[in-house]
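Okay, thanks for making time, everyone.

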Amino acid sequence: MSGLSWRAGAAAITGLVLAVTVAVERAGDAEGRAPRTEAPAVAAAAPRIVPAPVSLQRRPGPAFTLTPQTRLVVRDRRATGVAELTAVLLRRSTGYPVPVTDGASYGGHDVLFALDGPASLGDEGYTLAVHGRGVRLTAHAAEGLFRGVQTLRQLLPGRIESATVRPGPWAAPAVAITDRPRFAWRGAMLDVARHFYGVDDVKRYLDLAALYKVNVLHLHLTDDQGWRLEIEKWPRLTTVGGRTEVGGGRGGYYTQEQYTEIVRYAAARYVTVVPEIDIPGHTNAALTAYPELTCDGTAPPVHTGIDVGFSSLCVRAGVTYRFLDDVIREVAALTPGRYLHVGGDEAYDTSRADYKAFMAHARQVVRGHGKRLVGWTQVATTPQDPDSLAQYYHAAHGDDPRTKWAHAAADQHMKLIMSPAARAYLDMKYTAADRLGTDWAGLVDTRTSYDWDPVTFIAGLSPGDVHGVEAALWTETAASMAEVEYLAYPRLAGVAERGWSPATGRSWADYAPRLAAQGPRWTVLGVRFHRDPAVPWPAGTGGETTAPSGG
Ligand code: NGO
């Protein structure tokens, strides 16, 4: 179908969704209590949610509408944090007071946050009953409520994301949803080493990803071009090693306090921060700060280019192990999550024997500081613990011999995080004409980054080998948040769906209109997303046909 006819079709669908009819609600509230108001019903058209829920049924009857009387009702203190975050979001755009109240009853314009869901929902599952008698969001854990709120946001008009008051109506169609994730790990990686992004930028990146139920924020904190996390015992890592970036800009770093603020912000959104300290390669910035970490004791020149694989900690020097222990101890102490990423990729300047010896040591140090190790695929070529994770990133798939490292991981009972570059690397160009991005793994348009399955991508893996997926954004070419967001969206949403939604029933034809519905929402949020012509964006949606420049 041509781009034009896609668009016309989309406009028709949008019209359908917006067609509002009025019906009278007589049945009482979601728990059978007396009706309070009349509510409009939204004409039947499947609500367009990303990631697709496990089950979504349209219900007959009137829609739910937010009004000045809407309250967020909690019956369990564990739900208060999620309700408060939701209230902040709803107040900003509706201008309504949206109080969070304790209470047993709720009415037709209220949202109940209940934690009496069955254990079978797991920590992240939820059920969502939406109709003119109120919204009942039910989970077994507060985390599930938070995931459910992301679905509720998408049932409401995109304007609900506005930072300023907008006119209503604020209707959500009557639906019954039951949902839980396919994979435990649904990550977004941001490389803050090649170009540095400050705390507020990271929060925004996290907030946008959390809307698609991402639950891991992997921060690539160190690389040849910059060291971005303060280490108290080795202060020059940041005061010297944090001072530059690709292209020679100012760089920057997070103080421990700032990093802690990111971790805290993420935790409130049920997102776990996984810090990456990339070793033994990708360490030029550290070597410029502490020349004793090189084998000849000479500081290398600062690196502001984008080539990889030329730097290494001196694996045979005792000081390297003191360094490793100090760094991992401090990072582990700052990080409540159970995982710590040690990179381990492309250590081409480290001999095979040295690499093995170093990784054996890193494994002990990470474990000694109470964490589980994550590394890029190469770590699986060294002995690791069964609870360690290998992050697969190569372009190769099917039964390509280069996939053997993934099998090496599975053979030692490690699980895999799937970030195949030809699908989940957000730094690949969408098209050959793109100014931003690289193409070493090929061109990755929106459809390509969606059309794959994390288990079958590599032949011979079984579902139990895969712990999850991660969309990785390397920032060699992205020097501003506008550029970051252009590369990330729409692709990040598709990878997130691959991580959350059941494998069966997924197709581009089903996904494209649901993705298109995100366009108006991103426009309200100010996301400079790539307006991929294969997606039937509704009329009036923003987006960029070519990469935006500057901030
Ligand atoms: C590779 C490399 C990174 C690059 C990235 C660019 C891994 C794990 N190591 O992925 O240093 O930034 O490609 O796409």
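First, a term: by salt bridge I mean a side-chain nitrogen of Lys or Arg within 4 Å of a carboxyl oxygen of Asp or Glu. One of those joins the side chains of E124 and R186, at 2.6 Å from N to O.

Some housekeeping. This is a predicted model, where local features need pLDDT of at least 70 and side-chain atom pairs count only at pLDDT 80 or more, while totals for chains, interfaces and linings use all residues. Residues are numbered from 1 along each chain as its sequence is written, and side-chain values use heavy atoms, with hydrogens and water left out.

So, the domains. The assignment, which is an automatic or database one, gives domain 1 as 7-179 and domain 2 as 185-506. Their C-alpha centres are 36 Å apart. Counting contact as heavy atoms within 4.5 Å, 18 residues of domain 1 touch 17 residues of domain 2.

How much area is buried between domain 1 and domain 2? About 1,600 Å², with carbon and sulfur atoms giving 61% of that. Buried area here is the accessible area (1.4 Å probe) that two parts lose on being put together, summed over both. On the domain 1 side, P51, A52 and R147 supply 34% of what that domain buries against domain 2, more than any other three residues.

Now the whole structure, where the search finds 31 salt bridges. Take R136 and D116, with closest N and O atoms 3.2 Å apart. R136 sits in strand β9 (residues 134-139) and D116 in the loop between β7 (111-114) and β8 (126-131), 20 residues apart. Strands are DSSP runs of E, at least two residues, and helices are H or I, at least four, numbered from the N terminus. R136 counts as buried because its relative accessibility is 15%; the cut-offs are under 20% for buried, over 50% for exposed, and partly exposed in between (1.4 Å probe, protein chains only).

Next pair: D385 and R363, at 2.9 Å. D385 is in the loop between β18 (372-376) and β19 (389-392), and R363 is in helix α9 (residues 352-368), 22 residues away. D385 is buried too, at 13% relative accessibility.

Then there's D400 with R402, at 3.0 Å. R402 is exposed, with a relative accessible area of 53%.
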